[in-house]
2 protein chains.
Amino acid sequence: MILRMSSLFLRTLREDPADAEVPSHKLLVRAGYIRRTAPGMYTWLPLGLRVLRNVEKIVREEMDAIGAQELVFPALLPREPYEATGRWTEYGPNLFRLKDRKGADMLLGPTHEEMFTLAVKDLYSSYKDLPLSIYQIQNKYRDEARPRAGVLRGREFVMKDSYSFDVDQAGLQASYDLHRKAYIRIFDRLGFDYVIVQAMSGAMGGSASEEFLAVAENGEDTFVRSPGGYAANVEAVVVPQSPPVDASAVPAAEVVDTPDTPTIDTLVETLNAKHPRTDGRQWTAADTLKNVLVTLVHPDGTREPLAIGVPGDRAIDEKRLGAQVEPAEVVAFDDAEFAKNPALARGYIGPGALGKDSESGIRYLLDPRVAEGSAWVTGANKTGFHVINLVHGRDFTADGTIQAAEVHDGDEAPDGSGPLQSARGIEMGHIFQLGQKYAEALDLKVLDQNGKLVTVTMGSYGVGVTRAVAAIAEGNHDELGLIWPREITPADVHLVATGKETEVFAKAAELATELESRGLTVLYDDREKVSPGVKFKDAELLGIPTIAVVGKGLADGTIEVKDRRSGDRTDVAVTEVVDKLVEVVRG
Amino acid sequence: MILRMSSLFLRTLREDPADAEVPSHKLLVRAGYIRRTAPGMYTWLPLGLRVLRNVEKIVREEMDAIGAQELVFPALLPREPYEATGRWTEYGPNLFRLKDRKGADMLLGPTHEEMFTLAVKDLYSSYKDLPLSIYQIQNKYRDEARPRAGVLRGREFVMKDSYSFDVDQAGLQASYDLHRKAYIRIFDRLGFDYVIVQAMSGAMGGSASEEFLAVAENGEDTFVRSPGGYAANVEAVVVPQSPPVDASAVPAAEVVDTPDTPTIDTLVETLNAKHPRTDGRQWTAADTLKNVLVTLVHPDGTREPLAIGVPGDRAIDEKRLGAQVEPAEVVAFDDAEFAKNPALARGYIGPGALGKDSESGIRYLLDPRVAEGSAWVTGANKTGFHVINLVHGRDFTADGTIQAAEVHDGDEAPDGSGPLQSARGIEMGHIFQLGQKYAEALDLKVLDQNGKLVTVTMGSYGVGVTRAVAAIAEGNHDELGLIWPREITPADVHLVATGKETEVFAKAAELATELESRGLTVLYDDREKVSPGVKFKDAELLGIPTIAVVGKGLADGTIEVKDRRSGDRTDVAVTEVVDKLVEVVRG
């Protein structure tokens with residue numbers, strides 16, 4: 001195939017679009033691959049669509065290779081199945097909802113668990129029908145509060161979503177492992193620097209869960225990894241419960257006056273000044289127990305206060321907390337809430353005022369670092385006063401623990417494999433063992449070998465297809481433009497004809513035809529009144545991995561072949577250039 | 001590729017689905033190609049999706065062959081461009097509208113004229129950039145009042161829509177002709193019996209317009225054709241204005257008493273009994289002028305009465321009338337409307353009470369058969385009375401003409417090419433010269449050769465892709481099931497292993513692998529505990545054009561090869577069967 005620049009529906013831009021923050025967004029727009037239609041909505045122009053289709057092809061090939069079968073559900077869906085699983089409500093404002101002309105509630109599918117489950121229920125009834133893996137590559141919709149970074153987080157986007165169906169956990173594990181291997185092949189082929197991390201399962205329920213993250217500075221996800229091989233999405237890090245310590249030598253708890261110390265810093269300073277430790281150490285933030293109040297807003301709109309106790313040297317991580325309380329949303333504990341709870345002395349709140357059995361009745365959860373028997377400085381529930389030597393289990397208890405404190409670089413990995421280091425990534429794939437949540441809600445059962453009805457066990461596996469294009473761009477560019485990996489590139493060779501000589505254009509046209517006949521896709525810059533400089537700039541920007549320039553060298557019988565990534569240039573004899581380019585492209 | 005029936009996500013049904021009326025719907029559901037998800041919404045199961053992709057592939061290849069470039073717009077769109085062209089309102093209840101989380105109005109695209117126009121405006125600015133043809137293959141949405149016949153008229157469906165952009169009418173004509181040729185190739189390859197008819201341009205505006213109709217008993221569209229080659233959608237038939245006739249010999253108009261004659265039949269009977277003609281002929285319905293009142297409801301909700309005068313031997317054709325008054329809808333002229341217009345004597349309404357300049361002020365349009373100078377019997381605007389010898393132009397006038405009367409079999413074709421005969425069809429494609437409607441509304445201009453801004457001229461070209469699958473099924477089935485055309489079939493060969501012998505299954509598996517290695521897609525019925533009868537029934541139902549049966553004949557070294565369409569069976573030597581099948585498939 002030959003794509004001619006003279007007629008290609010494409011305009012490259014020299015300036016970054018005003019709304020673009022990250023390189024992939026800037027470059028995909030500037031190079032004419034995508035155009036913004038509305039917030040979070042993009043049009044895929046011809047070259048962009050070719051890239052998107054290449055990604056889809058890789059995903060499809062690897063899904064087919066593990067025996068998964070492709071089908072496609074509608075994107076516009078009826079409310080009922082989503083009502084049955086609770087997701088109609090749980091999805092909150094992220095769901096695009098509408099009514100049809102008869103007033104029936106409908107939605108634009110954010111994910112299709114319900115439809116996959118119902119399809120299997122519709123067609124299958126026996127363990128003999130399983131295992132089954134089915135998938136689709138399709139438009140998905142999420143009404144993101146902050147669509148950003150072009151197609152990295154859009155409101156309409158393409159996903160590959162597959163589901164596996166098995167009679168038991170052993171079957172699910174096998175299906176999961178198959179998908180995991182397929183995903184490794186997919187992401188290897190897509191040309192990502194990626195990492196597989198332990199993940200939370202999110203609003204979709206389930207247990208074992210891993211994410212494939214493209215490592216990228218501009219990623220929205222933070223993950224941590226250790227030298228020993230531990231890797232987890234920061235939301236999924238499970239800090240182990242600190243073992244009990246002996247509190248027998250800890251003196252009785254004592255209320256001390258700490259005027260004007262609503263913050264940990266002021267508290268530590270005041271303590272060291274007015275109430276120095278007896279063991280010669282200084283008080284530090286790590287000795288204090290900070291009690292943070294938040295309000296949970298549940299999907300049905302009800303509000304619930306929640307108190308979290310964490311060592312004073314750590315803040316609450318909003319994403320970690322959010323992941324723990326999903327589908328509830330976390331909002332500030334505001335003045336109105338304080339007014340309802342007069343027992344809470346703002347800035348001086350201690351465990352005594354918290355917990356289900358306390359006067360406030362506010363649920364109180366502790367960071368797992370707060371060991372049984374450990375002693376703390378914490379609020380005395382009286383403005384200007386704190387209590388020291390307050391021992392967990394002796395002087396106070398809580399309603400449970402929560403994984404909500406920040407993870408710090410240098411923290412030991414939960415599996416003891418060394419210190420954690422954080423980095424940022426883009427979630428490209430997610431595989432997880434969904435279990436029976438949807439099968440139970442929608443009554444998907446099959447007869448087992450003994451003729452008994454058993455609930456089917458499901459796995460869920462997603463790849464962000466449009467997002468992959470952005471993530472590949474994010475990881476494959478330089479200051480001049482994009483650099484597509486070989487399997488993704490919209491054309492194999494960018495053939496540039498420079499100058500005004502008709503021989504140049506005649507030779508270039510001939511080469512384009514020869515390359516096409518060898519099965520290559522050629523982006524041929526045949527524009528007549530465009531300067532070589534502009535053509536070269538466009539070639540760098542567009543990012544086809546191999547650039548061949550027909551120009552001055554032609555007089556000496558050579559064509560310049562340039563590798564876009566390395567910048568290496570070679571003059572190749574005209575007579576050999578087609579073979580050479582085929583060789584370069586085919587690897 | 002080998003698709004194994006033992007694991008294929010498929011269940012065939014022996015009974016027709018309760019909601020299916022037409023063969024394609026019944027068979028596509030029974031054969032497990034599609035499943036209904038909600039009214040007018042269908043899931044494409046693996047075999048169905050393969051068929052759909054084959055149709056898409058043909059459409060894409062033929063579009064690419066004429067240099068059209070593929071891109072893809074979002075399906076979920078902002079209101080503003082549709083507001084600018086008036087379609088936000090004009091589309092009425094057929095448009096799925098919704099609000100996003102910020103309250104912005106959005107819609108699910110029914111067609112994308114606005115987006116195509118804006119994309120070209122965004123990228124192009126000069127006549128040198130044109131001509132341009134761009135297209136997409138994408139989900140479209142229309143909230144049909146009566147979704148019917150499975151995927152023949154769904155609410156979510158796949159369309160290929162392309163648009164051409166030219167600087168002038170000559171360019172548009174060239175683009176139109178290119179598309180017309182591409183469409184002929186597409187519909188030839190799809191295996192339709194189709195006809196190209198003159199068409200109305202519908203709500204989309206424009207002038208020259210042709211439809212590609214699949215000839216089908218169950219089609220929703222009526223078209224007419226003549227022996228001389230005229231063919232038109234019935235809405236598009238333009239009856240020529242009858243030339244003036246000499247009225248000098250017609251006596252003066254005369255009011256006659258015609259009690260109890262509110263219908264044409266009773267009127268004719270009474271006239272012949274009480275007021276016989278003086279020329280010896282009998283009065284017939286064709287001598288009468290029937291004045292029909294309707295109410296137009298405009299998109300903005302305003303109501304407008306309309307009177308139509310037609311010869312009494314013809315009824316108003318609702319579709320023809322509807323097409324003339326679009327985007328207004330036609331509803332009955334009800335009691336309330338009569339109450340507002342006391343001058344109208346129900347059942348005896350004559351031209352004198354109608355017209356913009358009459359007391360009622362109701363717009364009055366005549367069938368073009370009502371020639372200047374022709375004399376009519378019509379209502380005298382007085383209950384129980386009619387007027388005879390009322391001459392058009394002498395005794396009454398109207399506000400214009402309208403193409404709203406029924407077209408009858410035997411009517412002369414407008415181009416004089418012989419008597420018209422009607423038939424039914426399914427609209428599969430529509431090409432038309434849209435002109436400047438959208439370019440004007442959205443201000444799409446380019447600089448011409450003289451540096452002057454000119455408005456771009458557009459053509460619009462659509463193919464119903466999901467509908468094509470149904471239309472192909474509608475035209476390619478028998479009482480046993482589907483019969484796919486070679487280019488559309490989800491598999492090349494349906495290989496059936498019958499009996500219980502392991503040799504049979506071993507040989508069948510070997511053949512499947514050999515056929516796959518020769519590039520064929522094999523649907524292999526490898527089910528072990530399923531009777532030959534059930535397998536044969538499934539094979540007939542699924543409709544793969546070539547069926548190979550590995551069974552009893554194997555002992556004699558033969559495989560039965562059956563042509564699904566003709567029913568012809570041949571025993572082929574095992575050693576030759578692969579070559580034979582490749583030959584049959586490759587044609």
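Visitor: Where is A:Arg369 placed?
Guide: In this predicted model, A:Arg369 is in the loop between β18 (363–366) and β19 (375–382) of chain A. Strands are DSSP runs (E, at least two residues), numbered from the N terminus. Residues are numbered from 1 along each chain as its sequence is written, and local features need pLDDT of at least 70, while side-chain atom pairs count only at pLDDT 80 or more.

Visitor: With which side chain does the side chain of A:Arg369 make a polar contact?
Guide: The partner is the side chain of A:Asp367, at 2.9 Å. A polar contact is a pair of N or O atoms within 3.5 Å, where one must be able to donate a hydrogen and the other to accept it; residues adjacent in sequence count only if both atoms are side-chain atoms.

Visitor: Now the domains: which ones does chain A have?
Guide: The assignment gives domain 1 (49–237 + 422–470), domain 2 (254–401) and domain 3 (491–586). Such bounds come from an automatic or database domain assignment.

Visitor: How much area is buried between domain 1 and domain 2 of chain A?
Guide: About 810 Å², of which carbon and sulfur atoms give 55%. Buried area is the accessible area (1.4 Å probe) that two parts lose on being put together, summed over both.

Visitor: Which three residues supply 48% of what domain 1 of chain A buries there?
Guide: They are A:Glu90, A:Met200 and A:Glu235, which supply more than any other three residues.

Visitor: And how many salt bridges cross that interface?
Guide: The rule finds zero between domain 1 and domain 2 of chain A, a salt bridge being a side-chain nitrogen of Lys or Arg within 4 Å of a carboxyl oxygen of Asp or Glu.

Note on methods: Chains are lettered from A and ligands numbered from 1 in the order in which they are written. Side-chain values use heavy atoms; hydrogens and water are left out. Helices (H or I, at least four residues) and strands (E, at least two) are DSSP runs, numbered from the N terminus.
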